[in-house]
Amino acid sequence: MSWKRAVLICLFAFGLVSPVFAQDTRTPSYNLVMLSPSPAEGGTVRPTPGSYLVSGGTSVNLEALPNAGYQFGYWVINYTQTVSQNPYNLLMDGHKTVQAVFEKTRHTLTIAVAPQEAGTVNQEPRPGSDGKYEYCTTVTLTPVANTGYVFVGWGGTNASDVRQTQSNKWEIHITGDKTITANFAKLGTEQRTFGVGWNMVSVPLLPAPDNTPAAVFGDDVSPLWIWWWNPNAQTPSYVQPATIDPGRGYWIYLPGEKVIDVTGIVIDRDYEVPLGKAGWHMISTPTVNVYWGYCRFRLGNTVKTYSEAVNGKWISPNLYRWNPTANAYEDFTEAGVIEPWVG
């Protein structure tokens, strides 16, 4: 569009003179003001923020470049007009003020539960009406187990992005679409009768949801006298354990015959009992009866059979089990059977 300006020419004359108007055919220029984006951290724009003098009738190419976590929303032209096209050719038919508006990207958090009937996961805050979260939102996750189940951990593509903040609370930072699985396990209960006096006891399950001595044995045995041999201390000695772990043996004193029950997760796989430095260890099996001679022993990535481990001096062939009836140790041989419940 061209803009013409009338010019008054004044003439000095000695006779009768009429004014003459001439047409200005020059192309006008207009101001283009590029404002800083909103928000400033959302991205950059081309042309960069500043003031420009642009010939009328030409088009200026506007381009918005979002930063990570943002997307282009729209242009605001002269504070009222909005345009969602990017890049956008702006026709300079007058003075223009332009600002790019960026918006945070929105992402899904997909949470599966395994098995489906085992529980739920509370999310705080909840996703928006579109089922998504803004970029950089921190979501607090609280697994809630149904009766007979216990939460055991996270799986799925983005499990490594979940971090624990409290005993039963986790957080995940939304920096893109995330997929995680809340894994639950079914609880079982096992029980066994023990006689009066000192008993070397183990547990046939992974105690859950609480594996402290008071939670595992305290409901059946009171007062609870319990000791564990710590082979890894600077000076190996008996200590009161902080937790009850499968595969370990514990001394428990019973003033009378007692039925002890333990609730936890059934271990349905091969179980590796960590030992420690050279010396005596109190061990057991948390799964099924195991012939001592059928056990395998691992040091680093090397695995040996019982005979190979004895010949290689990894272990001593001496193994003893406590007999509470006889109040004495029994010598075990390679054919001896390690039982759940018995250390």
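How many helices and strands does the secondary structure of the protein chain come to? The answer is two helices and 31 strands, where helices (H or I, at least four residues) and strands (E, at least two) are DSSP runs numbered from the N terminus. With a radius of gyration of 39 Å, well over the 20 Å that the globule rule gives for 343 residues, the protein chain is more spread out than a compact globule. Here the radius is taken over C-alpha atoms, and the globule rule is 2.2 Å times the number of residues to the power 0.38.

Please keep in mind that this is a predicted model, in which local features need pLDDT of at least 70 and side-chain atom pairs count only at pLDDT 80 or more, while totals for chains, interfaces and linings use all residues. Residues are numbered from 1 along each chain as its sequence is written, and side-chain values use heavy atoms, leaving out hydrogens and water.

**Overall form and surface**

- Along the principal axes, the C-alpha atoms of the protein chain fill a box of roughly 150 × 45 × 35 Å.
- Of the 343 residues in the protein chain, 36% are buried (buried means under 20% relative accessible area, exposed over 50%, partly exposed in between, with a 1.4 Å probe and protein chains only).
- Among contacts (heavy atoms within 4.5 Å) with a separation of 6 or more, 64% are between residues 24 or more positions apart.

**Charges**

- The protein chain carries 23 positive and 27 negative side chains, and the centres of the two sets are 10 Å apart.
- Lys and Arg count as positive and Asp and Glu as negative, without His and the chain ends; each charge is placed at NZ of Lys, CZ of Arg, CG of Asp or CD of Glu.

**Cysteines**

- Zero disulfides turn up in a search of the whole structure, a disulfide being a pair of cysteine sulfur atoms within 2.5 Å.
- Cys295 is buried, at 16% relative accessible area.
- Cys136 is partly exposed at 36% relative accessibility, and this residue sits in the loop between strand S14 (133-134) and strand S15 (138-145).

**Backbone details to look for**

- Cys136 is not a glycine, yet has a positive phi of about 80°.
- Lys313, also not a glycine, has a positive phi of about 60°; this exposed residue, at 73% relative accessible area, lies in the loop between helix H2 (306-311) and strand S29 (319-323).
- The Ser38 to Pro39 peptide bond is cis, with omega near -10°, and Pro39 belongs to the loop between strand S3 (29-34) and strand S4 (43-46).
- Ala114 and Pro115 are joined by a cis peptide bond with omega about -10°, and Pro115 is in the loop between strand S12 (109-114) and strand S13 (119-124).
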